[in-house]
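The following exercises are to be worked through with the sequence and the model at hand. Each task is followed by a solution in steps.

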Amino acid sequence: MHPLSRRCCSHLKSGFRTVFRTISRKHQHNPTDSPGLRPFRYNHTDSPLRFSLDDEEGPRRSAAIVVGGGPAGIAAVGKLLEVFPGGNITWVDQSFTGGTINQFLRGLPSYGTAGDYVAYAQTLPVIQKLWAVPNRNRHNAVKAMQALDPVRPCALSYVGDMLQLISDGLRKHARVQSVTGTVTLLARDPKTRVWTVAVDTTGVGTNPPLLSLRTPMVILCTGARPVVNTLPVQVSQLPLYTGLSRPHLTKILPPEEPRTIAVIGSGHSAVLVLRNLAHLASTTHPHLRIRWLTRSPHLTYASHVGDSPNGPVIANQYDGLTGKAAEFAREELDGDALATSPAGRFITRVGLPTVPGEPRPQNKDWAREQGDLEHPALVSGLKGCDFAIQAVGFARARLPELRPGVDAGTVALGTRPRTLMFNSETGSLYPAGADRMSAVGLFGAGSGFPEVVPTPEMVKKPRVGVLWFMMFVKKMAPMWALATRDGKFPEGFDPQGRTWFGGP
Ligand SMILES: Cc1cc2nc3c(=O)[nH]c(=O)nc-3n(C[C@H](O)[C@H](O)[C@H](O)COP(=O)(O)OP(=O)(O)OC[C@H]3O[C@@H](n4cnc5c(N)ncnc54)[C@H](O)[C@@H]3O)c2cc1C
């Protein structure tokens, strides 16, 4: 869990008072003589989306609850303010510091272009208002990015600053109620179609530390975390985000002592970790040595392969290397380059065949299966290393529990379901094995629940990137609201299940 920042705790004081007041009211309220929580009230106006939750009970109930304060959560809050013109949006995050990019990746070059990030900030008028008005007292990260070359990548610190700026602005919006804490549980009452969302605010200073919020619609934008496998030999592991941060590596590694670090993987993160370590070895840490454990000596790059009426056709657009990572990989790591490159003085490559005798798949991250983990090449590659860093992919961050029994009338969604079914075209989700209708009004977006699209290579790939999240949320949020109001799922039935993916 990310540490809760003091700044956020103080920022939230008034919001918490409101939440606490309504919760106290809930305890005086007898659910049996309740008129029933109406899901949505339809305001008969010109737009079919002009409906909102009736809010006679105040902020305890909101039109929607967004969980997660990264780029996907920010996009969801911004879009839902538009979708529910009169409704309150409750927004929960553990720290409101802009998500993974701003917390862990600030020192890295981006894989998207500066123009993409500016487009993210320009997509929704409610977000545009937050930065377009000059404020002499504050550095304006979006304007700073507008001064950069829009077709080139930029430092992720620009993106982090932009996300923080927008996040701070949205939290001050009159219809946004932000709550610092961890959503621990979701349950839904099928009669009223209302979700109960429990938020653990331990460490934030509220009393009681568990808040209970209500809404007909929940959007999970809870992100993803690096996959960490159990390795077959005893070796200290450094978190991937440490490997991605030069200041952290510098702090941990004594400059004058010999150290050997294993880096496992061959994707964007692995290349950036190798770049950081090679930089340290060639400057401040002359005794640092790196063992790169990879399935293939060849890496995969995003490349422009033609043009179509819809724009340029990019091969490996969603998972190929771009920007500075691609430059470093081509010049210093790929194929024979390592034999003569400056980085090759410090990096030794160790090949990891998938199955003995089989060709190594291109750019396939290492160790997804138990057999991989026991492979002798991995065992010998790790022997003698002081540390290992795994850059072997990302998995959905731990989700809140979906279970019954939080409140009278809630229904089982499956206690700690092992698998969630996620529709990668619409963002709908439900626990495998549960009645799908029990999860109406629950949606996901962002790196934990990415849209999956066909590529020019005719395979489906997840689109993980700030602007893509914005486009997905912008497209889907109106449909999420309509489906929630009507007590349905937004998609039709797909008999072959092509768009539904199961996963932890
Ligand atoms: C090396 C590397 C480089 C990258 N470079 C780029 C790039 O150049 N451009 C780009 O667009 N993307 C890049 N990415 C991907 C980027 O990290 C993701 O696109 C982005 O961070 C995902 O946003 P998100 O909103 O889905 O999740 P996150 O940013 O991870 O935010 C999730 C938030 O949810 C909160 N949360 C989680 N669970 C709970 C809970 N139960 N209760 C309350 N809060 C919760 C967390 O505290 C967090 O703040 C890169 C990733 C890596 C690893």
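Helices and strands are DSSP runs numbered from the N terminus, a helix having at least four residues and a strand at least two. The model is predicted.

**Exercise 1.** Determine which elements and domains supply the shell around the ligand.

Solution. Step 1: at least two shell residues come from each of helix 3 (71–83), strand 4 (89–93), helix 4 (99–104), strand 5 (109–113), strand 8 (182–189) and helix 11 (268–282). Step 2: domain 1 (57–223 + 397–490) and domain 2 (228–394) each contribute at least three residues. Step 3: the 38 residues around the ligand include Gly68, Gly70, Gly99, Gly223 and Gly446, which come nearest. Step 4: sorted by class, the shell holds 17 nonpolar, 20 polar and one charged residues.

**Exercise 2.** Classify tryptophan 468 as buried or exposed, and describe its surroundings.

Solution. Step 1: tryptophan 468 belongs to helix 16 (residues 466–486). Step 2: tryptophan 468 counts as buried because it has 24 C-beta neighbours inside 10 Å, the cut-off being 20 or more. Step 3: beyond its neighbours within four places in sequence, tryptophan 468 contacts Glu451 and Arg463. Step 4: tyrosine 120 is 348 residues away in sequence, yet the C-alpha to C-alpha distance is 8.6 Å.

**Exercise 3.** Locate tyrosine 318 and list its contacts.

Solution. Step 1: tyrosine 318 sits in the loop between strand 17 (311–315) and helix 12 (323–333). Step 2: with 18 C-beta neighbours inside 10 Å, tyrosine 318 is partly exposed. Step 3: leaving out neighbours within four places in sequence, the contacts of tyrosine 318 are Thr455, Lys461, Pro462 and Arg463. Step 4: threonine 455 lies 137 residues from tyrosine 318 along the chain, with 8.3 Å between their C-alpha atoms.

Technical notes:
Residues are numbered from 1 along each chain as its sequence is written. This is a predicted model: local features need pLDDT of at least 70, side-chain atom pairs count only at pLDDT 80 or more; totals for chains, interfaces and linings use all residues. A residue is buried if 20 or more other C-beta atoms lie within 10 Å of its own, exposed if 12 or fewer, and partly exposed in between; C-beta atoms are placed from the backbone. Two residues are in contact if their C-beta atoms, placed from the backbone, lie within 7 Å. A residue is near a molecule or strand if its C-beta atom, placed from the backbone, lies within 6 Å of it. Ala, Val, Leu, Ile, Met, Phe, Trp, Tyr, Cys and Pro count as nonpolar, Asp, Glu, Lys and Arg as charged, and the others, Gly among them, as polar. Domain bounds come from an automatic or database domain assignment.
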